[in-house]
Amino acid sequence: MKTQLTAAALLLGTAISPALAQEKIKLGVIVTLSGPAAALGQQVRDGFALGVKDLGSKMGGRDVEVVVVDDELKPDAAVTKVKGLLERDKVDFVVGPIFSNILQAIHRPVTESKTFLISPNAGPSTFAGKDCNPFFYVTSYQNDQVHEILGKVAQDRGYKRMYLMVPNYQAGKDSVAGFKLDYKGEIVEESYMPLNTLDFQPELSKISSQKPDALFTFMPGGLGVNLVKQYKQAGLADSIPVLSAFTVDESTLPAQQDAAVGMFGGANWAPNLDNPQNKKFVAAYEATYNVVPGTYAFQAYDAAMLIDSAIKAVKGDLSNKDAVAAALKQADFTSLRGAFKFNTNGYPIQDFYLTKVAKRPDGKFQTEIVQKVFENYGDRYAKDCKAAN
């Protein structure tokens, strides 16, 4: 299923040729829109749509058409869908996906077609180092980094024994690698769970018996909803702190609610980040969609602004791929997170925070910044990237 957001015809800008101005910029968005992880994809879709709307449905003076497809969280389906975007819809940019295993499936067909791939979430280590690519840019983070926050916090807080529980796919492995970077204590268990896990009782029994100082977990979407509810029901929430990434965030909190309050997370942003552009974005997103935006939404909004900045820089002419790549690398836009620039590998250099789940006076739940953990932080793989423009 696909949806189209077609820009209304407006007065053409004078900075580009009439022939170019008549052609629409075509943007393909590929995210997970079905199954337990659909809430994550919806936030990307909606955050990107809000960005396009705020740009007047134009980029660089040209009308914009957005085609959205569901990758179904299936690599084979994602490849078929993305080839449809490239060959049938002839998109100029592909935005997505959510999950790293899907990114690994679509990266090659997109970049080999010399189409720019902008990831608003997935940032695996596999494309951050020697396999970096001038057609690939990330508006989120390198996967390890968010988890590095929790490893540093665990180390700084003196947690001697940690239980690690993550999904068994590339991002899960990256999360463990990131956590271990700064954490030097004992890991009592390192558990890799199937991506379709719904019942965590066997693991919760182990946690209860082993009594670690804290649990580190990365359980996105429906995984996180089930884990947090079962963790609270098992009586563990009050005795064993949870340090997590993407387990308690704005995509899962509407389902987790009070069970998640007080749980910690690591992030590059939170809804209460205090700057004018972010306040405007959060208010507009809540007014439009009636939910609190999460990192997925803000990173997708930034992706729209990034693409617009590049199209403006080349005056709407996308024929010179090197010029477009250089314009993307320049990242000449105001990010909702504040300070932001690209490293040599197309991944951001940015600040990272420890967050905590809170219940707002209006009854809604959100993550809020507790402390800044890393400042102007680039990932450790960039040094191996030789594709710098």
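Tutor: Buried means under 20% relative accessible area. Keep that cut-off handy, as this is a predicted model.

Student: Why is Phe216 called buried?

Tutor: Phe216 has 0% relative accessibility, and the cut-off is under 20%, so Phe216 counts as buried.

Student: And what makes Phe179 buried?

Tutor: The value for Phe179 is 0% relative accessibility, so Phe179 counts as buried.

Student: How many aromatic pairs does a search of the whole structure find?

Tutor: The search turns up 21 aromatic pairs. Take Phe136 and Tyr347: their centres are 6.0 Å apart, with 75° between the planes.

Student: What makes that pair edge-to-face?

Tutor: Ring centres have to lie within 6.5 Å to pair, and planes over 60 degrees apart count as edge-to-face. With 6.0 Å and 75°, Phe136 and Tyr347 form an edge-to-face pair.

Student: Where in the chain do those two sit?

Tutor: Phe136 is in strand S7, while Tyr347 is in the loop between strand S13 and strand S14, 211 residues apart. Both Phe136 and Tyr347 are buried.

Student: Why is the pair of Phe179 and Phe216 called stacked?

Tutor: Planes under 30 degrees apart count as stacked. The planes of Phe179 and Phe216 are at 25° and their centres 4.5 Å apart, so the pair is stacked. This pair links helix H6, which holds Phe179, with strand S10, which holds Phe216, and the two residues are 37 residues apart.

Student: How do you know that Arg157 lies over the face of Phe264?

Tutor: CZ of Arg has to be within 6 Å of the ring centre and within 35 degrees of the ring normal. Arg157 is at 4.8 Å from the ring centre of Phe264 and lies over its face.

Terms used: Residues are numbered from 1 along each chain as its sequence is written. This is a predicted model: local features need pLDDT of at least 70, side-chain atom pairs count only at pLDDT 80 or more; totals for chains, interfaces and linings use all residues. Side-chain values use heavy atoms; hydrogens and water are left out. Helices (H or I, at least four residues) and strands (E, at least two) are DSSP runs, numbered from the N terminus. Buried means under 20% relative accessible area, exposed over 50%, partly exposed in between (1.4 Å probe, protein chains only).
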